Amino acid sequence: MRGTLKETLAAVERWLLPAACLLCNEPVPVRQNDALVCDLCRLRWRPVPHPVCERCGQPSSRGLECRLCSTWPFGLSRVRSAVWLEDSARDAVHQLKYEGWSRVADSMAEAMRGLEPLTGRVCLVPVPLGARRQRKRGYNQSERIASALHVRTGLDLRTDLLLRVRETQTQTALTPESRHANVMGAFSAFDSSDLDLVLVDDVFTTGATLAAAGAALMESGATRVEAVTFARAVVDLDGS
Ligand SMILES: [Zn+2]
Ligand SMILES: [Zn+2]
């Protein structure tokens, strides 16, 4: 009986969902599990190539000092991202963040499943929004991704450990150095004693936000803090 109800609800939901891929508008065949993003669009997402910097996950030649994470504060030990922030991956981020298509997070989580930090008994910690921004948007996109990862991996989801106490101005126009100053003190963490934590976010740009969140969690007793993001922006470190 319960199974039947569940199937009926699934059928109703399928009927309510758009029949076309959110990113390319092509019809999505039923066999693709009611995905909002078609297989073809997902195949176009370009994985971040290895080798990468052991700490920040930026593609690098081995042996060279990393220019991206050398200025990070103590705390965040490893970050990995699934794909480059470009083309339809950028569209997916936009659909989740601004258009409210929360089930896009399913496709993102699927792309993130194999990232190295998601092993062992780690807990997932979505990067929180400030209270005002969360109220305005009605949801936190990082929490949607973390929750989709939780369903797929069985890892604990902890939304009670980290708080964004200060809204930060949009980071896009800032240099890497001023980004660190911009997010310093933006997070406050509750007792995280003896926990192995993995922060979850949609996009990695310079890592300043993740590094600040990681530092706050380490100060609250976490054993280790790592992070995973769906996408990674291509950053020009020379500013040219
Ligand atoms: Zn598509
Ligand atoms: Zn690095």
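Student: How many residues does H6 have, and what span does H6 reach from its first C-alpha to its last?

Tutor: A caution comes before the answer, since this is a predicted model in which local features need pLDDT of at least 70 and side-chain atom pairs count only at pLDDT 80 or more, while totals for chains, interfaces and linings use all residues. Residues are numbered from 1 along each chain as its sequence is written, chains are lettered from A and ligands numbered from 1 in the order in which they are written, and side-chain values use heavy atoms, with hydrogens and water left out. H6 has 13 residues and reaches 18 Å, close to the 18 Å expected at 1.5 Å a residue, where the expected span is 1.5 Å times one less than the number of residues. Helices (H or I, at least four residues) and strands (E, at least two) are DSSP runs, numbered from the N terminus.

Student: What makes the buried residues of H6 line one face of the helix?

Tutor: In H6 the buried residues are Gln141, Ser142, Ile145, Ala146, Ala148 and Leu149, buried being under 20% relative accessible area, exposed over 50% and partly exposed in between (1.4 Å probe, protein chains only). Seen down the axis of H6, these buried residues fall within an arc of 160°, so they line one face; the arc is that of the directions from the helix axis to the C-beta atoms.

Student: Which residues are buried in H3, and what do they pack against?

Tutor: Ser88, Ala89, Ala92, Val93, Gln95 and Leu96 are buried in H3, and because they fall within an arc of 160° seen down its axis, they too line one face of the helix. Asp87 and Tyr98 are exposed on the face of H3 turned away from that buried side. The buried residues of H3 pack, with contact meaning heavy atoms within 4.5 Å, against several elements, including helix H2 (39-44), helix H6 (141-153) and strand E7 (224-232).

Student: Why is Arg44 called exposed?

Tutor: Arg44, found in helix H2, has a relative accessible area of 52%, which is why Arg44 is classed as exposed. Arg44 and Ala89 are 45 residues apart in sequence and 8.2 Å apart in space, C-alpha to C-alpha.

Student: What makes the site of the zinc ion (ligand 1) tetrahedral?

Tutor: Its protein donors are Cys21 (SG), Cys24 (SG), Cys38 (SG) and Cys41 (SG), lying 2.3 to 2.4 Å from the ion, and donors are N, O and S atoms within 2.8 Å of the metal (3.2 Å for Na, K and Ca), water not being among the atoms, so sites may look incomplete. The angles among the four donor atoms are 105 to 115°, and four donors count as tetrahedral if all angles lie between 85 and 135 degrees.

Student: How is the site of the zinc ion (ligand 2) classed, and which residues are its protein donors?

Tutor: Cys53 (SG), Cys56 (SG), Cys66 (SG) and Cys69 (SG) lie 2.3 Å from the zinc ion (ligand 2), and with angles of 101 to 116° the site is tetrahedral.

Student: Why is Cys24 called partly exposed, and why is Cys41 called buried?

Tutor: Cys24 counts as partly exposed because its relative accessibility is 27%, whereas Cys41 is buried because its relative accessible area is 1%.

Note on methods. Tetrahedral: all angles 85-135°; square planar, octahedral: opposite > 155°, others 65-115°.
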